[in-house]
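Thank you all for coming. I would like to take a few minutes to walk through one protein chain, going from the whole down to a few single residues.

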Amino acid sequence: MTTAAPGGESRLALTAGIVCYVIWGIVPLVFQAMGRLGISPLEILANRTVWAVPMALLFVLVARQGGEVLAAFRNPRSLAWLALSAVLICANWSIYIWAVNSGRVLETALGYYINPLIGMAAGALIFNEKIDRLGYVAIALAVIGVAVQAVAVGGLPTVSLALALSFGGYGIVRKRVAVSAQAGLLVECLLLAGPGLAYVLFLQKTGAGHLTANLPSTLWLLACGPFTAVPLVLFSWAARRIPLSSLGFLQFLGPTTGFAIGVLEGEAFTPLRGVSFLFIWGGAVVFAYAAWKRSRPELRAIALTEPAE
């Protein structure tokens, strides 16, 4: 359960949350920079799984959660759930890296706009969480937006739906595992790092790898680790110190940044596609307003802890 942190710490937690979503928002530029160096999406993914391990391990050691990681490996049930979550997040990463390097940044933004609304619906269906009237309005607007987008692109926005469903499924699975974000991330990365490392070594042996091709390629591929682990740890740290419903306001920063990147890069943005985003934005605004209403008592509790100026 999230508890209200002291005033100064709550402001720091809010800053951590903002930084987390800003990093997620600019990640398309990072993967595109690698793509311009000739690095394929599969090689980026493989390096991401490998170089996320040292960063995830560092955070686990700092948090002194090594015992939790060992316990997860000794528990067949927890390990099975984390193996499934690893597959889902790997699928999400694969689709995302390919999409942003294929001129589909707007589709990724759409996917992450509808992701919290899919999470809301999944919470009601799977965890018996209650959806209020505003929640149903938000979901309805998102459904209309997806339908209009389907007309605009001449078919279902498969990239958007695949991203939203894979990340939503990842969240559902992780909710069933009593393992912290840092420890769980390390277990997932360790499970994925074996195949990833094998592919990286294969590319290097055949001369097709970019890890040691030149300094920019090396630095960008090594940066996959921090860009994977740091925002998740910032999110986890912030989520323990401010209400999750309040943190939910920030989750639209990422796709909004991605949307701006897609438009500025000249991706097709027809009037009909614009209408679809208006419905999605409407759903996002309603979702954020509903979250604000739910969080008001918790925000007042935080405000009461602020020191007098």
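Before anything else, let me say what I will mean by a contact, which is a pair of residues with heavy atoms within 4.5 Å. With that in hand, and keeping in mind that what you see is a predicted model, consider the contacts in the protein chain between residues at least 6 apart in sequence, of which 85% join residues at least 24 apart.

Now to the elements themselves. The protein chain has 13 helices and 0 strands, so that reading along the sequence gives one α after another, in the pattern α-α-α-α-α-α-α-α-α-α-α-α-α.

Which residues make the nonpolar surface patch of about 430 Å²? They are Leu14, Ile18, Val22, Ile26, Leu29 and Leu253, and helix α1, which covers residues 7-36, gives the most to this patch, with 5 residues. Leu253, for its part, lies in helix α12, residues 253-264, and it counts as partly exposed because its relative accessibility is 33%, which falls between the limits of 20% for buried and 50% for exposed.

From the surface I would like to go to Ala109, which lies in helix α5, residues 105-127. Is Ala109 buried or exposed? Its relative accessible area is 1%, and since buried means under 20%, Ala109 is buried. If we leave aside its neighbours within four places in sequence, Ala109 is in contact with Pro255, Gly258 and Phe259. The C-alpha atoms of Ala109 and Thr257 are separated by 8.2 Å, although these two residues are 148 residues apart along the chain.

Finally, please find the loop between α2 (41-62) and α3 (66-74), where Arg64 lies. Arg64 has a positive phi of about 55° although it is not a glycine. As background, most residues other than glycine have a negative phi. Arg64 also counts as exposed, because its relative accessibility of 79% is over the limit of 50%.

Terms used:
Residues are numbered from 1 along each chain as its sequence is written. This is a predicted model: local features need pLDDT of at least 70, side-chain atom pairs count only at pLDDT 80 or more; totals for chains, interfaces and linings use all residues. Side-chain values use heavy atoms; hydrogens and water are left out. Patches are made of residues with over 30% relative accessible area and no salt bridge: like charges are joined within 9 Å, nonpolar side chains (Val, Leu, Ile, Met, Phe, Trp, Tyr) within 5 Å. Accessible areas come from the Shrake-Rupley method with a 1.4 Å probe; for residues, only the protein chains shown count as cover. A salt bridge is a side-chain nitrogen of Lys or Arg within 4 Å of a carboxyl oxygen of Asp or Glu. Helices (H or I, at least four residues) and strands (E, at least two) are DSSP runs, numbered from the N terminus. Buried means under 20% relative accessible area, exposed over 50%, partly exposed in between (1.4 Å probe, protein chains only).
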